[in-house]
Amino acid sequence: MCERLCSTEDCMPGTGTYLRHGYIFASLAGYVLRKNQGEELPVISVVRETETQLLPDVGAIVTCKVTSINPRFAKVHILYVGSTPLKDRFRGTIRREDVRATEKDKVETYKSFRPGDIVLAKVISLGDVQSNYLLTTAENELGVVVAHSEAGAQMVPISWCEMQCPCTHAKEFRKVARVQPEYLQA
C-alpha cells in the first residue's frame, strides 16, 4: 500500500492512484496498468485482482464439475474458461434439452451425468448473482471428459453414450465428449 509508482514527469495518474510531491502512488493493492493515450503521457492505474477476473462469456468453452442432478437439469460449478482457472466459483445449469442436439425429448439427465463428473460445456446464456450460467453439451466435442465408477476408478469412454470401469468392467451411461487434442493436457 502507498507504493511509489513513478514520477509525474513519466505518467499521468489514473484510478487507484494519488499524487504527492511530484510522484504517483498506489492507493490500493492490485495490478498496475499503464495505458498510452495518443501523444500524451501514459496513464498509470491500479486495479484490484477481482477487477481483472476472467468471466464466462457466451460461446466460451468451460470445464465444470457436476454437483447435483435431477430429471430436468444438472447443476455444475464452472472451474475453467478455456484453459484458464477461475478464482471465484461460478454456478451453471445444463438443462435436459441442452444435453444433446438430437432426440432432445428422450434425454434422461441421470444417463448423461453423475455428481463428480468433469464436463466440457459451452456457455449459451449469462447468469447473474441470483441465477446460473446456462450451458450446453449439444455438440460432439462437449460432454463428460472424466468420470469415476462406483468402484472409484476413472472410467474409459467406449461410445458416445457409455463409459466403462477398467476394474469391474461395469458400464455406465454418460453423454461422452469426443475430446479434441487442444483440450488434452500433456
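Reader: Which residues line the second largest pocket?

Author: The lining of the second largest pocket consists of R100, A101, T102, T137, A138, E139, N140, W160, K175, V176, A177 and R178. This is a predicted model, where local features need pLDDT of at least 70, side-chain atom pairs count only at pLDDT 80 or more, and totals for chains, interfaces and linings use all residues. Residues are numbered from 1 along each chain as its sequence is written, and side-chain values use heavy atoms, without hydrogens and water.

Reader: What makes a residue part of a pocket lining?

Author: A lining residue has an atom within 4 Å of a pocket point. The points sit on a 1 Å grid over the protein atoms alone. A pocket is an open set of them with protein on both sides within 12 Å along at least five of seven lines. The volume here is about 180 Å³, counted as the space filled by probe spheres set on the points, which are joined across faces, edges and corners.

Reader: How many of the lining residues are nonpolar, polar and charged?

Author: Five are nonpolar, three polar and four charged. Asp, Glu, Lys and Arg count as charged; Ala, Val, Leu, Ile, Met, Phe, Trp, Tyr, Cys and Pro as nonpolar; the others, Gly among them, as polar.

Reader: Why is H21 called exposed?

Author: Exposed means over 50% relative accessible area, buried under 20%, and partly exposed in between (1.4 Å probe, protein chains only). H21 has 74%, so H21 is exposed. H169 has 53% and therefore counts as exposed too. Of the 186 residues in the chain, 36% are buried.

Reader: What is the phi of H21, and where is H21 found?

Author: The phi of H21 is positive, about 55°, although H21 is not a glycine. Most residues other than glycine have a negative phi. H21 is found in the loop between β3 and β4. H169 also has a positive phi, about 65°, and is not a glycine. The loop between β14 (162–164) and β15 (171–173) holds H169.

Reader: How do you know that β3 and β4 pair?

Author: Two strands pair if DSSP finds at least two bridges between them. β3 and β4 (residues 23–26) have four, in the antiparallel sense, so they pair. In β4, I24 is the bridge partner of L19. Strands are DSSP runs (E, at least two residues), numbered from the N terminus.

Reader: Why do β1 and β3 stand at the edges?

Author: The open sheet has the order β1-β4-β3, with antiparallel pairing. β1 (4–7) and β3 (17–20) each have a single partner strand, so one side of each lacks a neighbour in the sheet.

Technical notes
On a 1 Å grid over the protein atoms alone, a cavity is a set of points where a 1.4 Å probe fits but cannot get out, and a pocket is an open set with protein on both sides within 12 Å along at least five of seven lines; lining residues have an atom within 4 Å of a point.
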